[in-house]
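Hello,

Here is the structure I promised to pass on to you. My notes on what turned up in it follow below.

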Amino acid sequence: MTDYDVLRVFCGPRGGYGNELGVVRNGSVMPGRDERQEFAAKLGFSETVFVDDPERGVIDIYTPTLRLPFAGHPCVGTAWLLDVPELVVPAGVMGARQDGEFCWIEARAEWAPPRTLRQYATAAEVDDLPVPPKGEWIYAWAWLDEPAGRIRARAFPGRDDGIEEDEATGAAALLLTDRLGRALNITQGTGSQILTAPQPQGWTEIGGRVYLER
């Protein structure tokens, strides 16, 4: 089995929760896309990252069934692990920074894959949602405290890859931030926390806590 790290990204204030991420630090041991895809499917995380150049921050991201040009929680997690000032993904080059307990990346909404952002009247409605039928990537959200920018959210990828609900989703948070045009403090899944902040010229910062699980 190829060596890999397991991180939890967008952890809660006490270090719990977060979305697991597999990171193969030496991507050269598995250069082909087919073998990377097979390995990502074998690990079964919502995303797995292959690092192609640790000094420049060049990475390649896979779900269990497809390659992604950009994804939020893999980029935040890998930026924290490599401690680099920027990351390079097929979608573009993004800044990265560490700020106390949080790691931040700067990305653009047009990099994110399409998502259905579905607003509900209350957080309780979001909490009670069953997993919807496959076929549509749904980000369900409601205000917890609108003046404070606090949101309750759940994410349903709608793919046939065993991931019925995504614990923490940076790309969807990016799209929601771009739509609302304001900084957000999102509680997603069972207790993960995602912070976002619009930046000049169409950029958005996405931040969260990252812990090395193994």
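Let me begin with the rings: searching the whole structure gives 7 aromatic pairs, a pair being two rings of Phe, Tyr or Trp (its six-membered ring) with centres within 6.5 Å, called stacked if the planes are under 30 degrees apart, edge-to-face if over 60 and tilted for the rest. One of them joins F50 and Y62, which is edge-to-face because the planes stand at 90 degrees, with 5.6 Å between the ring centres. F50 belongs to strand 3 and Y62 to strand 4 (residues 58-62), so this pair links distant parts of the chain, 12 residues apart (helices, H or I of at least four residues, and strands, E of at least two, are DSSP runs numbered from the N terminus). F50 is buried at 0% relative accessibility, and Y62 is buried at 1%; here buried means under 20% relative accessible area, exposed over 50% and partly exposed in between, with a 1.4 Å probe and protein chains only. W141 and W143 also form an edge-to-face pair, 5.5 Å from centre to centre with 85 degrees between the planes, and both of these residues are buried. Ring pairs also gather Y4, F39, F50 and Y62 into a cluster.

A word on the basis for all this: the model is predicted, so local features need pLDDT of at least 70 and side-chain atom pairs count only at pLDDT 80 or more, while totals for chains, interfaces and linings use all residues. Residues are numbered from 1 along each chain as its sequence is written, and side-chain values use heavy atoms, with hydrogens and water left out.

R115 has its charged end over the ring of W137, at 3.9 Å from the centre, and R108 lies over the face of W203, 4.9 Å from the ring centre.

Now to the salt bridges. There are 14 of them, counted where a side-chain nitrogen of Lys or Arg comes within 4 Å of a carboxyl oxygen of Asp or Glu. In the bridge between R36 and D52, the closest N and O atoms are 2.5 Å apart. R36 is in helix 1 (residues 33-43) and D52 in strand 3 (residues 48-53), so the bridge ties together parts 16 residues apart in sequence. R36 is buried, at 3% relative accessible area, whereas D52 is partly exposed at 40%. Both residues belong to a salt-bridge network that links R36, D52, D60 and R67.

R97 has two partners to look at. With E205 the closest N and O atoms are 2.8 Å apart; R97 lies in strand 7 (residues 92-99) and E205 in strand 14 (residues 203-212), so this bridge ties together parts 108 residues apart in sequence. With D99 the closest N and O atoms are 3.5 Å apart. E205 is buried at 11%, while R97 is partly exposed at 34% and D99 is partly exposed at 41%.

As for the chain overall, there are 4 helices and 14 strands. Buried residues account for 57% of the 214 residues, and the C-alpha atoms fill a box of roughly 50 × 35 × 30 Å along the principal axes.

Best wishes

Note on methods. A charge sits over a ring if NZ of Lys or CZ of Arg is within 6 Å of the ring centre and within 35 degrees of the ring normal.
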